[in-house]
Amino acid sequence: MQCPKCHSGMLEQKVLTQSGEVVIDKCERCSGLWFDSGEAEKLKDEWTSLSIDDGDASVGRIFNEITQIDCPRCLKTMVSMSDPKQPHIRYEVCKDHGVFMDAGEFSDFREMTLKEAFDHILDLYRKDSPPTQDDKEPE
Ligand SMILES: [Zn+2]
Ligand SMILES: [Zn+2]
């Protein structure tokens, strides 16, 4: 899979959880993280023991400025959203496939419990309201 932000390769990272093996994708270059929707749900209770988000947050902040990205699964434009509880955290969501976060953003989320964070994200993208923040610009 290609990183939707910097188009470098993403490496699969296998994580053993109580509900089975979960594979997430991590960019080799910008350390952005991709979570498929189902993966996020499996990880949410066990996240605190993980150290997947070990990328450089300063690099993450640079890539955080890139908000027009396509879902690596379906190639549709993802919705860029700021987190209502922690507005400095901005991530991209495909409501069908998952969430992309820049390096450091998950570490920020640890300030909430991870279960809370994932429930919160899943809630946000399950809402059926049309994506209004997503101004599509021609390439
Ligand atoms: Zn990348
Ligand atoms: Zn998608």
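Asp 102 and Lys 5 pair up through their side chains in a salt bridge, 3.1 Å from N to O. Keep in mind that this is a predicted model. Asp 102 sits in the loop between strand S6 (98-101) and helix H3 (105-109), while Lys 5 belongs to the segment before S1, so this contact ties together parts that are 97 residues apart in sequence.

Lys 5 has another partner too: a salt bridge links Lys 5 to Glu 92, with the closest N and O atoms 3.3 Å apart. Glu 92 is in strand S5 (residues 90-94) and Lys 5 comes before strand S1 (10-17), so here the parts being tied together are 87 residues apart in sequence.

What do you get from salt bridges that share partners? Lys 5, Glu 92 and Asp 102 are joined into one network. As for burial, Lys 5 is buried at 5% relative accessible area, Glu 92 is buried at 0%, and Asp 102 is buried at 1%.

Now for a pair involving Arg 90. Glu 65 makes a salt bridge with Arg 90, and their closest N and O atoms are 4.0 Å apart. Glu 65 lies in the loop between helix H2 (57-64) and strand S4 (79-82), and Arg 90 in strand S5, so the bridge ties together parts that are 25 residues apart in sequence. Glu 65 is exposed, at 58% relative accessibility, whereas Arg 90 is partly exposed, at 22%.

Here are these pairs side by side:

| Salt bridge | N to O distance |
|---|---|
| Lys 5 with Asp 102 | 3.1 Å |
| Lys 5 with Glu 92 | 3.3 Å |
| Glu 65 with Arg 90 | 4.0 Å |

The model's count comes to seven salt bridges, and the table lists some of them, including Glu 65 with Arg 90.

Key:
Residues numbered from 1 in each chain as written. Chains lettered and ligands numbered in written order. Predicted model: local features only at pLDDT ≥ 70, side-chain atom pairs only at ≥ 80, totals over all residues. Heavy atoms only, no water. Helix = DSSP H or I, 4+ residues; strand = E, 2+ residues; numbered from the N terminus. Buried < 20%, exposed > 50% of the residue type's maximum accessible area, 1.4 Å probe, protein only.
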